[in-house]
Amino acid sequence: MTIRPILIAGDPRLTTPAVVVTSFGSELAAFVDDLHETNTAAHGAGLAANQVGDPRSIFVYDLVRDDDRRRYRGHVVNPVLETSPLPETMPDPEDDIEGCLSVPGERYPTGRADWARVTGVDVDNNPISIEGRGYLSRCLQHETDHLQGHLYLGRLIGRHQRAARKMIKRRQWTDPGNAWVPGEGPDPFGW
């Protein structure tokens, strides 16, 4: 398995919608293993293929939900998302905090639906479905957004949106090619 560099906001590959996976087999399984290895090294809850520069529609997840302390780990190829309604109020600055491995070291309140279900297939092209509430729901929505070419920064509103724009300019994340490698140098999230 290989730990892959994670692209940082500003790289156009992060805003390009993913392509449907049509080829299944050992190469795809090895790539999913790499995504898990990279996500683990980065202490992430999930990682989408385009975050490591691969255009295929795949993401992995590995998290422990706060409410039931249960671990959820897996992958979804060609995911399709279904959610409960999105909130119409400002996100709670304490309960709705979200981060992203492609926006290292930053966290912002982000409005997400409380419930989500993702359907798709596994690396062997067998149907799978994962659904959940709270943190798992947030993760499923976040990773599916990545594969549609959207960073969570685009979901920010009000002062949080303005703060994120200033942060991007300050960090000079307006040019392609910025990346970080989990396990090399200081951890941008301070884990």
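**View 1. What covers the buried side of helix α3.** Among the parts that cover the buried residues of α3 is strand β6 (107–109), where helices (H or I, at least four residues) and strands (E, at least two) are DSSP runs numbered from the N terminus. This is a predicted model, in which local features need pLDDT of at least 70 and side-chain atom pairs count only at pLDDT 80 or more, while totals for chains, interfaces and linings use all residues. Residues are numbered from 1 along each chain as its sequence is written, and side-chain values use heavy atoms, with hydrogens and water left out.

**View 2. The two faces of α3.** His 160, Ala 164, Met 167 and Ile 168 are buried in α3, a term that stands for under 20% relative accessible area, whereas exposed stands for over 50% and partly exposed for values in between (1.4 Å probe, protein chains only).

**View 3. The length and the end of α3.** Helix α3 (residues 158–171) has 14 residues and reaches 20 Å from its first C-alpha to its last, close to the 20 Å expected at 1.5 Å a residue, a span defined as 1.5 Å times one less than the number of residues. After α3 comes Gln 172, which has a positive phi near 60 degrees.

Terms used: Contact = heavy atoms within 4.5 Å.
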